[in-house]
Amino acid sequence: MTLNELVDFSGLASEAILKEEFDTEAERDLAAQQMQKRIAEMRSSVERGLTSDKASITGMVGWNAKGLWEADDVLKAPLLKRVQAYAMAVNEENARMGRIVAAPTAGSAGTLPGALLGVADHLELSDEHLLNPMFLAAGIGKIIGQSMFIAGATGGCQAEIGSSAAMAAAAVCELLGGTAHMSVHAATMALMNTIGLVCDPVGGYVEVPCVSRNAFFSVHAVSSAQLALAGLESVIPPDEVVGAMASVGRMLPAELRETGEGGIAATPTGRRIALKMLGENTDM
Ligand code: SF4
């Protein structure tokens, strides 16, 4: 299935994904049980991340989610704060080598729970409501992964965070009553607006800018869902947007694909941190 086919489905997008993936009720039931476990794991990583301030192995991150979660909500925007804190909680757990659910990768694992669990908790929706949106998120990730890259090492951060934001946008859209048409447009707008994002982790560690990047792009996913639910659409068809991202990914030099040699990683401070992690004297 392609995104262009999914966008025209008359029911919910998750139904189309479930029909495509599973032939029998038994297969579907088993998958639902497994997905419930993943939702529980996501929740657990959010809870651990919100209450821990243990530093990551490099010492660059580890306290951001807890710090935000416990800070005053100066903007009076509880949804925004919750989504950002949940996303960073999961990625800081990843940076501490804790257990997370890759969605689609470990580096982008915070975006989907940040957006989906964040919105569900804000609206006091039970985890039962998350099951089909999670299947949709998985289906969107699979479709993108089959036609382009989903890892920063191959397509830049646009492939990794872009895919996670697309998955999250579609899931949030369906959670809030969006049709297949709306959910795929939510995913498409999320993808379109991450094109060009490079992968530039300091020292090659999935910490900076990755932790805050998950916070930003979980909000981006919620924004995409909101636009789609209001009837906004991508002018460029979904599969063409995926193709555009793949094309940009192929143009990216190796320095901007998870080598830690470009962008933020190549700043003087980024390089000093990388050398320090290698145990070299940097006068830091
Ligand atoms: S910068 Fe690279 S390592 Fe970090 S989240 Fe993006 S793709 Fe992953």
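1. Helices H7 (residues 131–147) and H9 have axes that come within 8 Å and cross at roughly 150°. Axes here are lines fitted to C-alpha atoms, for helices over the stretch in contact, with angles running from 0 to 180 degrees between N-to-C directions. Helices (H or I, at least four residues) and strands (E, at least two) are DSSP runs, numbered from the N terminus.

2. On the H7 side, the contact with H9 is made by residues including Pro 133, Leu 136, Ile 140 and Ile 144. H9 contributes Ala 166, Met 167, Ala 170 and Glu 174, among others. Contact requires C-beta atoms, placed from the backbone, within 7 Å. By class, the contact has twelve nonpolar residues, three polar and one charged. Nonpolar covers Ala, Val, Leu, Ile, Met, Phe, Trp, Tyr, Cys and Pro; charged covers Asp, Glu, Lys and Arg; the others, Gly among them, are polar.

3. The model is predicted: local features need pLDDT of at least 70 and side-chain atom pairs count only at pLDDT 80 or more, while totals for chains, interfaces and linings use all residues. Residue numbers start from 1 along each chain as its sequence is written.

4. The ligand is surrounded by 14 residues, and the closest are Gly 107, Gly 152, Cys 157, Cys 199 and Cys 210. A residue is near a molecule if its C-beta atom, placed from the backbone, lies within 6 Å of it. Two or more shell residues come from each of H9 (157–175) and H11 (210–229). H9 provides the largest share, three residues. The shell comprises seven nonpolar, three polar and four charged residues.

5. Two cis peptide bonds deserve a look. One runs from Ala 103 to Pro 104, with omega near 0°; Pro 104 is in the loop between H5 (78–95) and H6 (111–122). Another runs from Val 208 to Pro 209, with omega near 15°, and Pro 209 is in the loop between H10 (180–192) and H11.

6. Met 97, in the loop between H5 and H6, has a positive phi of about 65° although it is not a glycine. Met 97 counts as exposed because it has 9 C-beta neighbours inside 10 Å, the limits being 12 or fewer for exposed, 20 or more for buried, and partly exposed in between. Glu 124, in the loop between H6 and H7, has a positive phi of about 55°. Glu 124 is also exposed, with 6 other C-beta atoms within 10 Å.

Notes:
Contact = placed C-beta atoms within 7 Å.
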